[in-house]
Structure formats: structure tokens, C-alpha cells
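Open the structure in your viewer and keep the selection panel at hand. The stops below say what to select and what is there.

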Amino acid sequence: MTFEQATPMDPRSPAYWLRFDRTQVGSWVALVLRLGLSVVWLVSGGTKIVDLSQSVSSVAAYKLFPYWLSTVIGSAQPIIEVLLGVALLVGIAVRVMAAASAVLFLIYIGGIISVWARGLRIDCGCFSSGGALGADQSTTYGLDIVRDIGFVLLALLVFWWSRSRFSLDSVLFPPVPAVDDDEDDDE
């Protein structure tokens, strides 16, 4: 069978990969991806939410906003991250949460590029308290950017393959059976 002869549910067909999450294996893969993205947000937000003043300091270290706005962002960011993690964990509005995740990761990448370009020496605060680095500490901007690009890709996969096992979305919005166009021809 050639690529042109592949049926839509044949792995050699692009249609198969577009709807991979509708297969037995794909729904499990989609679950692992969704839970992985959930863990990223729960760990990231969880490490910051226990000390909001440090989260504010971390945002202020980027020197992108006035301090009052850094206070708002630094206080809201961990809460938003934990809410994203919980929503992905239970599988509610998965596509929306995955899209929001990708956007946030792109914003984080932009912030890291900004401090790197301006020569600031900070810890990004993604999974730690963040803030200015000591003289004996080195920056890891390149690794932080690569990691966040990986998270963007993860979020895009979750967006693309949003139907997974054990999600509230599948309970609230069950898949609609495909309509057979041939039935209309009988009339």
C-alpha cells in the first residue's frame, strides 16, 4: 500500500495523526501529555505560591514593569499557574488550557530573552524563588529557553490531541458519532 492509498485511520495517513487522540493508544498518549503539562504548572506555581513576596521579587528582577505592576503579576502568576495545572489535571477545557499554556510559555521565553539581551543576571524563577544571582552564580538562560520551547511543544501537542482518558471534557462533551453522508442519498 502506498501513501496515496492509505486510509484515514492508517498510521501512514496524515489524517491518522490529526486524530491520533481518537485511537486507543492515542487517548493514553494524550492523557500522559495532559498530565505532564499539568505537573509542570502545579510544580511551577506550587513553588511560588508558598511565598508570594518572593514571587513578586522574581518578577521585579526582570525590570520590565513598574514595581506596582510587578506586585500584581507576581501575586497572580502562581495562582494562575496552579489553576492551569488543576484544570489540566481534571481535564476541563483542555484545549483552552493548552492554548493559554503555550501563550504563557512564549511570554516567559520573551522575558528570558529580554534579560539576557540587557545583560541582567537573574534566576528566571520558573521553578524556584528567582531573583538576582550572586557573583559566584552563572545564568542558565539558554537552557531555560530550550526547556520552555519544549513546554510550548508539549502544550501544542496537548492542544492538538486534546481528547484523553479520564477527563471531564470527555464526560461533559462526549464525542459525536460521525455522520454518514451516504444516508442522505437514500431519500
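Begin with the whole protein shown as a surface. Its accessible surface comes to about 10,800 Å², and 70% of that belongs to carbon and sulfur atoms. Of the 187 residues, 38% count as buried. This is a predicted model.

Next, colour by confidence. The pLDDT averages 85 for the protein, and 81% of the residues score at least 70. Select residues 1-6: here the pLDDT is below 50, and beyond near neighbours in sequence the stretch has eight contacts in the model. Where pLDDT is low, the predicted coordinates should not be read in detail.

Switch to the cartoon view. The protein has seven helices and two strands. Followed along the sequence, they come in the pattern α-α-α-α-α-β-β-α-α. Among contacts with a separation of 6 or more, 67% are between residues 24 or more positions apart.

Now look at the aromatic rings. How many aromatic pairs does a search of the whole structure find? The search finds seven. Select W41 and F105, one of these pairs: the rings are stacked, with 4.5 Å centre to centre and 10° between the planes. W41 is in helix α2 (residues 24-49) and F105 in helix α5 (residues 94-117), so the pair links distant parts of the chain, 64 residues apart. Both residues are buried.

W41 has a relative accessible area of 0%, and Y108 has 17%. Both count as buried because the limit is under 20%.

Together with W41, F105 and Y108 they form one aromatic cluster.

Move on to R95 and F159. R95 lies over the face of the F159 ring, at 4.1 Å from the ring centre.

For the last stop, select C124 and C126. C124 is buried, with a relative accessible area of 7%, and C126 is buried too, at 9%. How many disulfides are there? With a cut-off of 2.5 Å between cysteine sulfur atoms, the count comes to zero.

Methods. Residues are numbered from 1 along each chain as its sequence is written. This is a predicted model: local features need pLDDT of at least 70, side-chain atom pairs count only at pLDDT 80 or more; totals for chains, interfaces and linings use all residues. Side-chain values use heavy atoms; hydrogens and water are left out. Rings of Phe, Tyr and Trp (its six-membered ring) pair if their centres lie within 6.5 Å; planes under 30 degrees apart count as stacked, over 60 as edge-to-face and the rest as tilted. Helices (H or I, at least four residues) and strands (E, at least two) are DSSP runs, numbered from the N terminus. Buried means under 20% relative accessible area, exposed over 50%, partly exposed in between (1.4 Å probe, protein chains only). A charge sits over a ring if NZ of Lys or CZ of Arg is within 6 Å of the ring centre and within 35 degrees of the ring normal. pLDDT is the predictor's confidence in each residue, from 0 to 100. Contact means heavy atoms within 4.5 Å. Accessible areas come from the Shrake-Rupley method with a 1.4 Å probe; for residues, only the protein chains shown count as cover.
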